[in-house]
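Work through the following exercises with the sequence and the 3D view open beside you. Try each task on your own before you read the solution below it.

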Amino acid sequence: MSEKELAIIRDIPNNDWFVSGHGACPGCGMTIAVKNIMRIIGNNSTVYVPASCLIVVSAVYPTSSFRTPLFFTAFENTGAVTTGIKAAYRRLGKDATVVGIAGDGGTFDIGLQALSGAAERGEDVLYVCVDNEAYMNTGIQRSGSTPFGAWTTTTPVGKKTKGKRQMKKDMMDLVIGHNVEYAATLSIAHYNDFVKKVDKAKRKSGFRFLHVLTPCVPGWKTESAKTVEIAKLAVETGMWTLFEYEDGEARATYRPKQLLPVTDYLQLQGRFRHMPSEDIKVLQRWVCNKYYWHFGHEAEQPACAMFKGEPEMHFDGDPLHGV
Amino acid sequence: MFEVRFHGRGGQGAVMAAQTFAEAAVLEGHHAQAFPYFGAERRGAPVRAFARVDDKRITIKSQIYEPDMLVIMDESLLDIDPVADGLKPTGSVVMNTTKAPQDVDIGVAVRCATVDAIPIALETIKAPIVNTAILGAVAKICDLVTIESIKTSINDRFGEKLGEQAARMNSLAAEMAYARTVVGICKGERTIVRPKVWLPTWKELPQGTALGEDTLSGVTVGPGGSLGNYTGTWRTITPKYDQEKCVRCLRCWFCCPEGCIKRLEDDHVKWDYRYCKGCGICANICPADAIHMVKGAMEP
């Protein structure tokens, strides 16, 4: 393409296609992600949003916050509907980007079959998963994306159980398993990385998947001002890894020099406040394993903060395993 | 039939207050129902909750448009929301304010009970959640419930959800508010302006949803799309910008969830305070310390 590639914040076009006046909570991480993705994608696009916080805050009848065409049907069919919209554009001879923006419930659990279908067919759509790690819209129920130990209304904290007992589902691994054109994880606190990846996804054709971690103020029980700080800590502690998958290869785009202990990330969030130290150890071990699996093939590995001096981490030689 | 409408902000506990009030009425031998306004408004936004009390079974299920009593949990709502809309002239109002009843102006001159609930809430439950304190004031002005039934109901409802200690502190808040409540007559000078709501039928909607390209809001349905929804009324703290210190990194422009930070030609920024919800992210991430949050919803 002849247009200049975007690399830093300053390159983002100064046009808002997701406008003010939406009803999201103050400090919402999802709207930061959506707003900037829409700025980069531009108005030659059609957006599909399934049931999620996003449709509730941005499309209250009879108004909408998107200045592009917006479509909404059911929860489970983001992959299928975006496929259909793209097919219609192809028939009409129009070249427009079709974006599906689904939450983690609409991607990890309910929308998985449609996503898998579209990814396998290699449809020319851009799929964005805005991941706030639970069903926040309906009042904080656990999803496949909720991390280990987190409190939700369906993984309560009491005498017998202390939050979610399962690890977070590895969505990127599932998507990459479909051999897609492009897949990347994004963080709203790593701005230039964010810009580059969204721009790259916009330029490619074929099935593209962007996975954004979007902190949720009421669901994570955090302070509204700390949304971006928490997103940054997620990366610095290894709870969230920034990498992209392109041409059959996964590549880390940002590696912290020294992994911070997960407690730095956990202590800012009320949903982890109850966590006993054994659980924190389990989570830390999972993070370290994930990190070694992910970056183990590269020469320099950041030291795993909490487990220095303990037996070496298991690494099975597969850089994509447990990403 | 006695109908009560609760006005609060998301997170203040208006829904819990309505439910606790209804439960107290049931304890007094009445029939009652309570339900929230079902909308998409989130934390900090003006919210409503409703309660109905009657001596026989209640079959009506609608929202309450002509209440007998209003409970206003945040004084600032009076300026942004037509709270007194439909209040009966024979009705009454309970309000969380530092003012005396005769200094309060809600737009209808009715019996008024005022209490400064925030210090009470801070003293007892250590958080500015005024729902239980305001119920103490409700018990003072409303004959249907007594302070005893309110306290029992708080113990039931909060004890089950939040534990015994929280229940005790919350019922103490109600008791303290009951003692401090002042009853009088409020002023009715304010004009109540009902917002014009544009709710077209499907036949009136623009076809497709596409308007012309030069239209301000592109294809946003309706006049102006969500730009007509001024979310700045949610704000309790306001960002203050110091252009001298600004290094034009544009991080605040990137990180504003509302998109209310506008980028100027020279990469300085400007706030559109009509939409700013006061989350404080911009002040938190600014590397040059050029943004500070100041208390209050005013524009600096």
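## Exercise 1: An inventory of the two chains

The secondary structure of chain B comes to 8 helices and 11 strands, where helices (H or I, at least four residues) and strands (E, at least two) are DSSP runs, numbered from the N terminus. The model is predicted, and local features need pLDDT of at least 70, side-chain atom pairs count only at pLDDT 80 or more, and totals for chains, interfaces and linings use all residues. Residues are numbered from 1 along each chain as its sequence is written, chains are lettered from A and ligands numbered from 1 in the order in which they are written, and side-chain values use heavy atoms, with hydrogens and water left out.

Task: How many helices and strands does chain A have, and what percentage of its residues count as buried?

Solution. Step 1: counting the elements of chain A gives 11 helices and 8 strands. Step 2: buried means under 20% relative accessible area, exposed over 50%, and partly exposed in between (1.4 Å probe, protein chains only). With this definition, 60% of the 323 residues of chain A count as buried, while for chain B, with 300 residues, the value is 50%. Step 3: contact means heavy atoms within 4.5 Å. Among the contacts of chain A with a separation of 6 or more, 69% are between residues 24 or more positions apart, and the corresponding value in chain B is 65%.

## Exercise 2: Two helix pairs in chain B

Task: At what angle do helix H1 and helix H4 of chain B pack, and how far apart are their axes?

Solution. Step 1: two packed helices are described by the angle between their axes and the distance between the axes. Axes are lines fitted to C-alpha atoms, for helices over the stretch in contact, and angles run from 0 to 180 degrees between N-to-C directions. Step 2: H1 (residues 14-27) and H4 (residues 131-141) of chain B pack at about 40°, and their axes are 9 Å apart. That angle makes H1(B) oblique to H4(B), since angles under 35 degrees count as roughly parallel, over 145 as roughly antiparallel, 65 to 115 as roughly perpendicular and the rest as oblique. Step 3: from H1(B), Met16(B), Ala17(B), Thr20(B) and Phe21(B) meet Asn131(B), Leu135(B) and Val138(B) of H4(B). Sorted by class, the contact of H1(B) with H4(B) has 5 nonpolar, 2 polar and no charged residues; here Ala, Val, Leu, Ile, Met, Phe, Trp, Tyr, Cys and Pro count as nonpolar, Asp, Glu, Lys and Arg as charged, and the others, Gly among them, as polar.

Step 1: H4(B) also packs against helix H6 (residues 164-180) of chain B, at an angle of about 45° and with the axes 7 Å apart, and H4(B) and H6(B) are therefore oblique to each other. The contact includes Gly136(B) and Ala137(B) of H4(B) and Ala173(B) and Ala177(B) of H6(B). By class, the contact of H4(B) with H6(B) has 8 nonpolar, 3 polar and 1 charged residues.

## Exercise 3: The sheet of chain B

Task: Which strands stand at the edges of the 7-stranded open sheet in chain B?

Solution. Step 1: the strand order in chain B is E2-E3-E1-E4-E5-E6-E7, with mixed pairing, and two strands pair if DSSP finds at least two bridges between them. Step 2: E2 (31-36) and E7 (182-185) of chain B are at the edges, and each has a single partner strand, so one side of each is left without a neighbour in the sheet. The twist averages 15° from one strand to the next. Step 3: E4 (residues 69-72) and E5 (residues 92-96) of chain B run parallel and are joined by 4 bridges, with Val71(B) opposite Val94(B) in E5(B).
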